[in-house]
Amino acid sequence: MSAQRTLCIVKPDAVEKKKQGAIIQRLLDEGFSILGMRQVRLSRPQAEAFYAVHKERPFFDELCTFMTRGPVVAAALERDNAVQHYRDVIGATDPAKAKEGTIRKLYGTDVGENAVHGSDSQENGLIEISFFFAGCDLA
Ligand code: CMP
């Protein structure tokens, strides 16, 4: 399979626990290349725009409040089979249901504060990368 791109966001809970370094190292150890990486604090309108697909969900307000609580680290990743491999490495959305050794099992707290965001498809991964990075930022 050829190289694919996907987006990692280390969420505020994991940054507060100072686990961003461990998470990025794990992704490097899994064979991902980091094309771009930045720490940002999302504004409320930015969080609402990023998660617009979830705006009718009951947890939308809670999700946006959480994602604006503190800085996040966004990383554009590249690897063969990147979308599926990243999803396997981070584990299930709910850390309680995630497999042992996955990032969400290791560092997540609950379904809301689950340490990292993962793109659900290659198409959405590219859209989500473009939310944080201009093409000229990716090397
Ligand atoms: P993420 O991969 O960032 O994509 C959408 C996020 O919504 C998801 O991770 C969870 O953090 C969050 N989410 C999903 N379901 C719930 C829920 N039932 N309660 C709170 N947050 C949720």
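The lining of the largest pocket consists of twelve nonpolar, nine polar and ten charged residues, where Ala, Val, Leu, Ile, Met, Phe, Trp, Tyr, Cys and Pro count as nonpolar, Asp, Glu, Lys and Arg as charged, and the others, Gly among them, as polar. This is a predicted model, in which local features need pLDDT of at least 70 and side-chain atom pairs count only at pLDDT 80 or more, while totals for chains, interfaces and linings use all residues. Residues are numbered from 1 along each chain as its sequence is written, and side-chain values use heavy atoms, with hydrogens and water left out.

A pocket is an open set of points on a 1 Å grid over the protein atoms alone, where a 1.4 Å probe fits, with protein on both sides within 12 Å along at least five of seven lines; lining residues have an atom within 4 Å of a point. The largest pocket holds about 830 Å³ of space. Its lining has 31 residues, of which Y51, H54, L63, H117 and G118 are the closest to the centre. Helix 7 (122-132) is among the elements that supply at least two lining residues each, and with four residues helix 7 gives the most.

The ligand sits in this pocket (more than half of its atoms lie within 2 Å of the grid points). Its shell divides into four nonpolar, six polar and two charged residues.

| Residue | Protein atom | Distance |
|---|---|---|
| K11 | side-chain N or O | 2.7 Å |
| R104 | side-chain N or O | 3.0 Å |
| G118 | polar backbone atom | 3.5 Å |

Methods. A polar contact is a pair of N or O atoms within 3.5 Å; within protein, one must be able to donate a hydrogen and the other to accept it, and residues adjacent in sequence count only if both atoms are side-chain atoms. Grid points are joined across faces, edges and corners, and a volume is the space filled by probe spheres set on the points.
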